[in-house]
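Hello,

I am handing over the structure we talked about, and my notes follow below it.

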Amino acid sequence: MRRTLVLLLLAASAVARGEPERPSGPPDLAPTPDGPPPVAPPPDPVDTAPPDTTEAPPGPTAADEFGPLLLIERVEIHGNTATQNEIILRARPISVGDVLRASDKRLTEARFKLLALGYFREVTLAMQKGSSRGQVILQVEVVERGTIVLNRLWFGTTTLSPYWFGADVTERNLFGLGVAVGAGVVYAANGSVEGSRDQWAGEVRAADTSLLGTRLGLNGALTFVHGSEAYRIAGDDPDPGSAELRAFPYRRFGGRTNLTYDVTALTRLAATLRIESIHAD
């Protein structure tokens, strides 16, 4: 009896104390009856490397120049059959004796200046080894284009003239000298308007945009007109017939000259003088 009472007291004491509180922490990884113990997921990786604060170096620009210094020993020109060498030599910004680098912007400028002349379809610049170290030969290869230009064609018919026609043509590189010459002529047959006559007009032009290789340019033209001018004498029809018109003859002769100066590659100043005489009844 006493033994039984002791056992009951010990059991009651255990219930009163209760289960101890489990500490907080990772989940219980004890094995389960259905399989192996679960595996805890790995912790997220932590980037402990310092942030990259360095900046990428800037790339090369068109103005950068690199490479060794080179002395232009001489200039060779190939491919030109109609254009004289002097025209090409005075257009490029590089001369014999100049010192430059392989990336010098003057090489690009020389190519575009030669193309701007309008005499070549293609221009290529290359440097070849010279007679000694540090010296190079600048080779200019050009592909010429046709320089005869048909500027205008005129043809048609009106009340004053049963037919009229004309043309204007320019040679932009006369004899390979870099001088442009042009001419135009037009003819109109006489109609049935009283006082009218056969009409014709002509013009000749010449231009040199770089006198002796300088920034000065000069051009001029002469014009002659032998014509007749119609005027209305009756009616208000917007397309009058010959009975409503009369004409009077006139003659014009004159010329103009133009002096230019290239301030930059894209800016040109010009001064023009024009003189003309008109005779009419």
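**What I found**

Setting aside neighbours within four places in sequence, V140 is in contact (heavy atoms within 4.5 Å) with V75, E76, I77, H78, I88, L114, V123, T124 and L125. This is a predicted model, where local features need pLDDT of at least 70 and side-chain atom pairs count only at pLDDT 80 or more, while totals for chains, interfaces and linings use all residues. Residues are numbered from 1 along each chain as its sequence is written, and side-chain values use heavy atoms, with hydrogens and water left out.

V140 also belongs to the largest nonpolar core, which has 18 residues; I72, L138 and V140 touch the most other members. Such a core is a set of buried (under 20% relative accessible area, 1.4 Å probe, protein chains only) Ala, Val, Leu, Ile, Met, Phe, Trp, Tyr and Cys residues joined through side-chain atoms within 4.5 Å. Two or more residues each come from β1 (70-78), α2 (85-91), α3 (105-116), β3 (120-129) and β4; helices (H or I, at least four residues) and strands (E, at least two) are DSSP runs, numbered from the N terminus.

Next, the loop between β4 (135-144) and β5 (148-156) holds T147. T147 is buried, at 14% relative accessible area. Beyond its neighbours within four places in sequence, T147 is in contact with Y119, T170, E171, R172 and N173.

Finally, V169 is in strand β6. V169 counts as partly exposed because its relative accessible area is 36%, and the range for that class is between 20% and 50%.

Best wishes
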